[in-house]
Amino acid sequence: MGDWPTGLRTAVLLCVVVLLTACAGPALKENRQPPPPGHALPPATEGVLADMAQRITATHGEDRSGFYLLDGSYDGLAWRLALIDSAVSSVDIQTYLWYPDNAGRLMLDRAIRAADRGVRVRLIVDDLLTIGLDQVLVELQRHPNIDFRVFNPWEKRGVVQRAGEMAMQLERLNIRMHDKLMVVDGHATIVGGRNLGDHYFGLSEDYNFHDLDVLGLGPVAAQAHEFFDHFWNSDWVVSAEDFDLEADDEFARDTLRNLRRKIAEAPELEAFPRLPADWTGRLEELYPRLRPGRSLLVYDQVNGDSIEQEVAKSLFPAMERADEELLITNAYIIPDQPSIDFTRELTERGVRVRILTNSLESHDVPAVNSHYRDWRDDFVQAGAELYELRADAAISSLVDVPPVQGEFVGLHTKAFVIDREIVFVGSMNFDPRSIAINTEGGVYIESAGLAEDLARIMERDMTPSNAWEVRLDDQGQLTWTHDTVTVDRQPARGFWQRFMDVVFKMFPKELY
């Protein structure tokens, strides 16, 4: 609210006060204590994941893990289920968004069933989408093997009260935990861009994201546990025990019964096992496809009231190491002049720079496009080859999971490859919110095999059947070209999208 006119700010705050005094609702306990510190369990000594991790280090060295890119939506969800179903000691999940939809319900049920068989389950979720779910979180916390914490919570939990608190504490509540991480048995991890919801796993009939995670087995999991524990023990989280609500046995039984009924009846989940399965055979088939490599997990540090943006600090120094090629796929790009200058410096010393991002037509957030669009020509003039995903991309066969077919494909990946030697996969967009506001995380992997795999994926996504190539014509005007069409106006799905693209230009880019 710092940029709002004083009169408007005062009027809003007066309305908020009236609403807050008129509405009672759930809240956090006033006299709560910080949740007790906790740490990852030692790596499991048995189970298929322990066996695979031991084989990797025995073959490739104690400092190397095995990695596999989760490119398609099916793999993104199936391998998460596989790790949870294979757990013998611990499951730790950290995520920005966990939707109460088919994919979200399936993941939650698998975590509960793992806890039922004695696996310790720890969950950290950003508080943004927990509206109306406080009683559910309280009941999950009551499970002897589940511990649930929320990041940067609203003190007052009702919808109207949240809005009022947001208005009065915008600086604090604007900070969200954008990380996505899962660690199982201290031997396996998944790091990347996918939240837990239908759009990220090809299960939405509206649209689905082309996204990316990397599965790692070996010492990378110990690094991931340090990442998880940093947030688990921070001052920014509260336990679900701190919600000012009484336990309700009948509610818990009804909620679990409804959860499992919806999973059983959902035709969209046809491709996935709806009950825990034995994935040993699938994991054995995966083993020879794992790419050995060294890893470094990076994550923003939450210290006291401050956020140290470690991921953003690492990006330019890492990309500056490129001698021949830099391939970037990033869903949400809002550049500035230093990033254009950096691109030009790379291309002028002979580095081939190729960038894939969303077009307006593939965007789910037109506000980002509003602040990106004026920089397109700058990227091209700086020597970069610029591509934008088509809404009708041919890779929809990887993005949609039958029987679901989304209306369009959007891009959600955040990754880059340096000289086909070093890979980065994570949660960080190239926009002001990721760089300076949210917490982010990701993993650098030194592996020629994995880098070649990701480069092939990126090059596939940049082909004309999947992307528009953005060029400048002889008059210096932008054009968009794919295999059959060239246009001189940015592609869009319709008038409304173009209209919103204009409207959001009037709002500050720092919001996005």
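**Ground rules.** I number residues from 1 along each chain as its sequence is written. The model is predicted, so local features need pLDDT of at least 70 and side-chain atom pairs count only at pLDDT 80 or more, while totals for chains, interfaces and linings use all residues; side-chain values use heavy atoms, without hydrogens and water.

**Helix H3.** H3 has 14 residues and reaches 20 Å from its first C-alpha to its last, close to the 20 Å expected (1.5 Å times one less than its number of residues). I found 13 of the 14 residues buried (under 20% relative accessible area; exposed is over 50%, partly exposed in between; 1.4 Å probe, protein chains only).

**Isoleucine 131.** I found this residue in the loop between strand E3 (120–126) and helix H5 (134–142). I note isoleucine 131 as partly exposed because its relative accessibility is 40%.

**Serine 339.** I placed serine 339 in helix H12 (residues 337–348). Serine 339 counts as buried because its relative accessibility is 14%. I also looked up its separation from glutamate 241: they are 98 residues apart in sequence and 44 Å apart in space, C-alpha to C-alpha.

Notes. Helices (H or I, at least four residues) and strands (E, at least two) are DSSP runs, numbered from the N terminus.
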